[in-house]
Amino acid sequence: MRVILQVVSKSSVEVKGINKTYEINDGYNILVGFTHDDTKKVVDAMVKKIVNLRVFIDENEKMNLSIKDIDGSILSISQFTLYADTRKGNRPGFTNAMAPESASLMYDYFNEQLRSYDIEVATGEFGADMLVRIDNVGPTTILLDSSEIIKGL
């Protein structure tokens with residue numbers, strides 16, 4: 001499981017074809033992708049890391065606050081391209097990405113787990129063509145990879 005987490009002042013996603021827009025203020029824009037061996041245990045560990053990560057600025061200008069501390073929101077976007085394999089040629093391969101049916105279930109579970117921490121979570125539409133707008137603060141962008149986070153699980 002891979003997550004690109006961006007601290008934002010505002011973020012929105014427009015789902016093309018149905019002209020639906022979801023947006024948040026002050027929180028995280030999260031791009032999330034799943035691979036074949038991801039499990040609910042992996043998702044649980046990643047969610048715990050995300051909600052406790054201290055990357056928001058406190059009164060002393062230090063990264064010391066979590067999303068819970070600032071009562072922030074999350075815009076969660078499914079992103080299978082996080083598992084692009086670009087080692088050969090110029091066209092990426094996506095064989096490392098989880099199959100869409102399974103990934104959709106994991107994505108739903110991921111968002112449910114984030115909401116279980118009383119965090120407002122807006123989402124795009126799984127598998128849809130979307131336009132994402134991100135007002136990245138800092139800019140603070142962090143790559144989380146479950147292979148690094150769950151060592152020993």
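**View 1. Contacts of threonine 140 in the predicted model.** Threonine 140 touches Leu5, Gln6, Val7, Val55 and Met63. Residues up to four places away in sequence are left out of that list. Strand β7, residues 130-145, holds threonine 140.

**View 2. Burial of threonine 140.** The relative accessibility of threonine 140 is 11%. Residues under 20% are called buried, so threonine 140 counts as buried. In the protein chain, buried residues make up 41% of the 153 residues.

View 3. The chain has three helices and seven strands.

**View 4. Contacts across the sequence of the protein chain.** Consider contacts between residues at least 6 apart in sequence. Of these, 71% join residues at least 24 apart.

**View 5. Dimensions of the protein chain.** The C-alpha trace spans about 45 × 45 × 30 Å along its principal axes. The radius of gyration is 15 Å. A compact globule of 153 residues would have a value near 15 Å, so the chain agrees with that expectation.

**View 6. Surface and charge of the protein chain.** The accessible surface comes to about 8,700 Å². Carbon and sulfur atoms account for 47% of that surface. The chain carries 17 positive and 22 negative side chains. The centres of these two sets lie 6 Å apart.

Technical notes: Residues are numbered from 1 along each chain as its sequence is written. This is a predicted model: local features need pLDDT of at least 70, side-chain atom pairs count only at pLDDT 80 or more; totals for chains, interfaces and linings use all residues. Side-chain values use heavy atoms; hydrogens and water are left out. Helices (H or I, at least four residues) and strands (E, at least two) are DSSP runs, numbered from the N terminus. The radius of gyration is taken over C-alpha atoms; the globule rule is 2.2 Å times the number of residues to the power 0.38. Buried means under 20% relative accessible area, exposed over 50%, partly exposed in between (1.4 Å probe, protein chains only). Contact means heavy atoms within 4.5 Å. Accessible areas come from the Shrake-Rupley method with a 1.4 Å probe; for residues, only the protein chains shown count as cover. Lys and Arg count as positive and Asp and Glu as negative; His and the chain ends are not counted. The place of a charge is taken as NZ of Lys, CZ of Arg, CG of Asp or CD of Glu.
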